[in-house]
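Dear colleague,

Please find below the structure that I am handing over to you. My notes on it follow directly after.

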Amino acid sequence: MEIVLVDDDPIVILLQKKLMQKAGISHQIISFNNGEDALSFLTVNANESKYLMFLDINMPGLSGWEVLDELEKISIDFELEVIIITSSIEDADRLKAKTYERIVDFWIKPFSLQDFTNLKVKFGLK
């Protein structure tokens, strides 16, 4: 499994990587600062591996929702599960997330080491 981080805030990406490392998650991590680059990678460069993507909702350019909508339009031949990461506490965002089959969890920033420890157990990560 490869882990894909998509967030316009480099501090959030750095924090996620550090917490994953502390939680003992050693999978390959690929990060992007915008939805366009992440989408390009997933449509052009992705292989038949399994991907777990941490996707921010509110980003300049393509939002997380728009990335998900674009992924629904194209045919991909690999498994992709998404964890939404957001600072939004709006119920509307949580409800919207339930309409996407790829979304397996919804996290509100900031994260903790316990979040990534629980993730490791839930997905059987090493």
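Helices, of at least four residues, and strands, of at least two, are DSSP runs numbered from the N terminus. In those terms, Pro110 sits in the loop between S5 and helix H5 (113-123). Please note that the model is predicted.

The peptide bond that leads from Lys109 into Pro110 is cis, its omega being near 0°. As background, most peptide bonds are trans.

Is Ile108 buried or exposed, or does it fall in between? With a relative accessible area of 32%, Ile108 is partly exposed, because that class covers values between the 20% limit for buried and the 50% limit for exposed. Apart from neighbours within four places in sequence, the contacts of Ile108 are Thr86, Ser88, Ile89 and Arg94. Leu55 is 53 residues away from Ile108 along the chain, and their C-alpha atoms are separated by 11 Å.

Lys109 also takes part in the surroundings of Asp7. The side chains of Asp7 and Lys109 are joined by a polar contact of 2.9 Å. Asp7 is placed in the loop between strand S1 (2-6) and helix H1 (10-22). Its relative accessible area is 0%, so Asp7 is buried. A polar atom of the Asp7 side chain also lies 2.8 Å from the backbone nitrogen of Asp9. If residues up to four places away in sequence are not counted, Asp7 touches Val12, Ile13, Phe32, Asn33, Asp56, Met59, Ile85 and Lys109.

Not counting residues up to four places away in sequence, Ala38 touches Val6 and Phe32. Ala38 is part of helix H2 and is buried, because its relative accessible area is 0%. Between the C-alpha atoms of Ala38 and Trp107 there are 19 Å in space, and the two residues are 69 apart in sequence.

Two packed helices are described by the angle between their axes and the distance between the axes. For helix H2 (residues 35-45) and helix H3 (residues 64-73), the axes come within 10 Å and cross at roughly 20°. H2 is therefore roughly parallel to H3, since angles under 35 degrees count as such. The crossing of these two helices, H2 and H3, is right-handed. Which residues meet there? On the H2 side they are Gly35, Leu39 and Leu42, and on the H3 side Val67, Glu70 and Leu71. Sorted by class, the contact of H2 with H3 has four nonpolar residues, one polar and one charged.

Where does Ala23 make contacts, once residues up to four places away in sequence are not counted? Ala23 touches Leu113, Phe116, Thr117 and Lys120. Ala23 and Asn118 are 95 residues apart in sequence, with a C-alpha to C-alpha separation of 9.0 Å in space.

With kind regards

Methods: Residues are numbered from 1 along each chain as its sequence is written. This is a predicted model: local features need pLDDT of at least 70, side-chain atom pairs count only at pLDDT 80 or more; totals for chains, interfaces and linings use all residues. Side-chain values use heavy atoms; hydrogens and water are left out. Buried means under 20% relative accessible area, exposed over 50%, partly exposed in between (1.4 Å probe, protein chains only). A polar contact is a pair of N or O atoms within 3.5 Å; within protein, one must be able to donate a hydrogen and the other to accept it, and residues adjacent in sequence count only if both atoms are side-chain atoms. Contact means heavy atoms within 4.5 Å. Axes are lines fitted to C-alpha atoms, for helices over the stretch in contact, and angles run from 0 to 180 degrees between N-to-C directions. Angles under 35 degrees count as roughly parallel, over 145 as roughly antiparallel, 65 to 115 as roughly perpendicular and the rest as oblique. A crossing is left-handed if the near helix is turned anticlockwise from the far one by less than a right angle, and right-handed if clockwise. Ala, Val, Leu, Ile, Met, Phe, Trp, Tyr, Cys and Pro count as nonpolar, Asp, Glu, Lys and Arg as charged, and the others, Gly among them, as polar.
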